[in-house]
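Q: Please take a close look at the ligand site in this model. What surrounds the ligand, and how is it held in contact with the protein?

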Amino acid sequence: MLRQALAASAAVLLMACGAPPEDPFAGLPVVNTDGTNPIVRDKFTADPAPLVHDGRLWLYVGHDEAGEGEMFNITGWLVYSTEDMRTWVDHGSVMKPTDFSWAIRDAWASEVIEKDGRFWFYTTVEHDDTDHGKAIGVAVSDSPTGPFVDARGSALVKNSDTDGPHWWDDIDPTAFEDDDGTVWLYWGNAHLYYAPLAPDMISFADEIRRVEVDHFVEGPWLFKRGEIYYLAYAGIDETEHDWEQIYYATAPTVTGPWTFRGKIMGIAENSFTIHPGIAEFKGDWYLFYHNGALSIDGVEGALGRRSVRAEHMYFNEDGTIRPVVATDEGVSVARGE
Ligand code: FUB
């Protein structure tokens, strides 16, 4: 009797509120249902860049398609999303390098930031011969799923804009909005550069500067927790290993001074590169990275055939980050400090 009464009141409530909202992503391919690693198993993916927006975590990656004898062949950027860090939906391609009229290939590392309701995609590509080398482009979309279009018609940073040691020093942009609304870009390989963006998001408000942090190689990722600014990055300490590991530094302001704090994660299985992407989502912190351990249909993982992964990340009371270990369980296991 009681059960019937409850069912009747639930039905009345449903009629009053209307039908439950439809899942806007119903019908899209689901690539993972339990949060184990790697996140994507039907494609090789690299350089994970998380964005939290509207109750979902969006994960931008490069599509690794290196063949035999190729170091890298990253043909475009893809995006996946989740609302629980376990079930991941495949939203497909958001952009490819030649969507920038001045770029010729190489969908290297990126980060997307939301500002005033638009999504700004800062990313690495190979510039055409008018300014040979790696360059940073900026594209924009009204949706996290894209499509993204070139927002300025030329590179935001060209190889000739900086005084780097080689033609691939202008890579791997990370974008971060400070408390006063200024968006800062850090980027680099061997040299670590930074500059504030102008309010138009497609030009700089000040000159490009350079900062040094211990063991820096590439892949900077800038974020803030409480009053502390964090810069995680891929670096090499040859006294330990000649492959990249994930290190970090902290600072009291977005421009430093940066204090080296040590290692977050050791070398990636079967991949010289490792690339941090860090996000707080629904109260927990996550470290995204890649390794080369996945094989797909007999094609083995490699430097140019990587796969993105996620782990829980925990802080000590003083704000330092506890070392993170790469696991196959990933975030499928219950959170435990
Ligand atoms: O994926 C190409 C390059 O390798 C990235 O830009 C670097 O961070 C490294 O992961």
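The answer below covers the model and then the ligand site.

A: This is a predicted model, in which local features need pLDDT of at least 70 and side-chain atom pairs count only at pLDDT 80 or more, while totals for chains, interfaces and linings use all residues. Residues are numbered from 1 along each chain as its sequence is written, and side-chain values use heavy atoms, without hydrogens and water.

The average pLDDT (the predictor's confidence in each residue, from 0 to 100) is 94 for the chain, and 93% of the residues score at least 70. Residues 1-8 have pLDDT below 50, and beyond near neighbours in sequence this stretch has 0 contacts (heavy atoms within 4.5 Å) in the model.

Around the ligand (a heavy atom within 4 Å) stand Asp47, Phe72, Ile74, Trp108, Ala109, Asp172, Glu218, Thr273, His275, His290 and Arg306. This shell comprises 4 nonpolar residues (Ala, Val, Leu, Ile, Met, Phe, Trp, Tyr, Cys and Pro count as such), 4 charged (Asp, Glu, Lys and Arg) and 3 polar (the others, Gly among them).

Polar contacts here are pairs of N or O atoms within 3.5 Å. The side chain of Asp47 places an N or O atom 2.5 Å from an oxygen atom of the ligand. For Arg306, the corresponding side-chain distance to a ligand oxygen is 2.8 Å, and for a polar side-chain atom of His275 the distance is 2.9 Å. Of the 270 Å² of accessible area (Shrake-Rupley method, 1.4 Å probe) that the ligand has on its own, the protein covers 99%.

How values were computed: A polar contact is a pair of N or O atoms within 3.5 Å; within protein, one must be able to donate a hydrogen and the other to accept it, and residues adjacent in sequence count only if both atoms are side-chain atoms.
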